[in-house]
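Okay, thanks everyone, I'll keep this short. Let me put the structure up, and then we'll go through a few local features together.

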Amino acid sequence: MNTNITLPVPVHRVLSRLNQGGYEAFAVGGCVRDRLLGREPEDWDVATSATPQEMKEIFGDIPHFDTGIRHGTLTLLVDQMPIETTTYRVEGCYSDRRHPDTVTFTRLLGRDLARRDFTINALAYHPSVGLVDLYGGVADLTRGLLRCVGEPDRRFQEDALRILRGLRFAAQLGFALEEGTRQSLLRSRQLLGDIAQERIAAEFQKLLCGRWAAPVLREYVQVVGIFLPELLPMVGFDQHNHHHIYDVWEHTLHALEHTDPGDRILRWAVLLHDVGKPSCFSLDEQGVGHFYGHPQAGEALARQALQRLKLDRDTVDQVCTLVHMHDVALPENPATIRRWVGRYSLETVRQFLAIRRADHGAQAHAQEKEQAIDRWETLLEEVLRENPCCQQRQLAISGRELLALGIPSGPEMGRILTRLLDRVVEGTLPNEPDALLAEAGNLWRTASHS
């Protein structure tokens, strides 16, 4: 592995300024790891022997913010790039299993690297010094291993969120956990109960959107079950149905592998789409399993789980809509498709199509079912090319024109607009002002005389 790293110019400037002031400074952590892996870092962090006050004196002419001053962190804004710059530090006990009770600044890089979570994150780089790797991080990167720095039990007891961070890195990088780290992580999983739900949700969502999420979830479902117990009944649940070649949990993981990792709503929806199956299982006289009502039961369980994790309301609603509708029959005519687009939005309809494709891809006779979805997708695109009217705001007239006809605003006007939209969607009325106004007049006269 080539250990020469190209640093962005703003990071060079920060290192040079600190060095000129008589202090050590290195790019550290995830940015170094990602550069070694040939990935573009999301952000850049610098560690230095300078104290926060000394940094403020050196960077007095550069915009900076006290984003974590108590723990020695200043965020410098250099050429519009935010760079978190933190004093080397040693941490005390973690009474809340999340934050150190005390932080002591140090002038030694080695003591700072010793407090970090995994060897692949305990790396530092300076163009003049080269790579500083005190814990075998480069060897672990080469082997695709996640290994704790020092004693794994201590690392996880200090900060229980590291348990989920380890799984998140595994899902994002495709790495395996070193056996000692793996065993400690499994032993320590109950500590996740001490972590705020919002922090768990943020880490788990990154895991869920990782390219290798499915194998990580397969191996560590008992860990995930600490904060998502709704998943556990699916594990090993035999579906007793010829349409299914996997148990409910394996089916879910295979479906997840058929979805875009970049669509977080879809990933959540696929993870939870069959969560209602175990509670809805029944076996008929022929020994065939059925799951009547499982989308509705799944929606309730999904909402319960996502609200407990304190996800935002839009995310909860979007995911639960997809869980609820994932098993409905595909629309077979243009009018129904137009109604769907008007009711759910085009984005949701496309996500429904994706979840059905993933669901069927993880079942028996997947190719035949895939062809049915292809046909439906072709029909959807044909409808969309017509630039259809699917919502009231797309009608060629509005309430203003109805007022001019003498129709008062209120419930009756709303009912007339709804009837007009229904007929346009059905294809029995053109979306043209004259035709809409004539029909609105007829509807109003009928309502007035009834």
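**Two loops and a helix pair**

So, let's start with Asn387, which sits in the loop between helix 19 (366-385) and helix 20 (399-404). Just to be clear, what you're looking at is a predicted model.

Where does Asp79 lie? In the loop between strand 4 (73-78) and strand 5 (81-87).

Okay, on to the helices. In general, you describe two packed helices by the angle between their axes and the distance between the axes. Take helix 12, residues 248-256, and helix 13, residues 264-272: their axes come within 8 Å and cross at roughly 160 degrees. Anything over 145 counts as roughly antiparallel, so that's what helix 12 is relative to helix 13. As for handedness, the crossing of helix 12 and helix 13 is right-handed.

And which residues meet there? From helix 12 you've got Trp249, Thr252, Ala255 and Leu256, and they meet Arg267, Val270 and Leu271 in helix 13. Sort the residues of that contact by type and you get five nonpolar, one polar and one charged.

That's my tour, happy to go back to any of those spots.

How values were computed: Residues are numbered from 1 along each chain as its sequence is written. This is a predicted model: local features need pLDDT of at least 70, side-chain atom pairs count only at pLDDT 80 or more; totals for chains, interfaces and linings use all residues. Side-chain values use heavy atoms; hydrogens and water are left out. Axes are lines fitted to C-alpha atoms, for helices over the stretch in contact, and angles run from 0 to 180 degrees between N-to-C directions. Helices (H or I, at least four residues) and strands (E, at least two) are DSSP runs, numbered from the N terminus. Angles under 35 degrees count as roughly parallel, over 145 as roughly antiparallel, 65 to 115 as roughly perpendicular and the rest as oblique. A crossing is left-handed if the near helix is turned anticlockwise from the far one by less than a right angle, and right-handed if clockwise. Contact means heavy atoms within 4.5 Å. Ala, Val, Leu, Ile, Met, Phe, Trp, Tyr, Cys and Pro count as nonpolar, Asp, Glu, Lys and Arg as charged, and the others, Gly among them, as polar.
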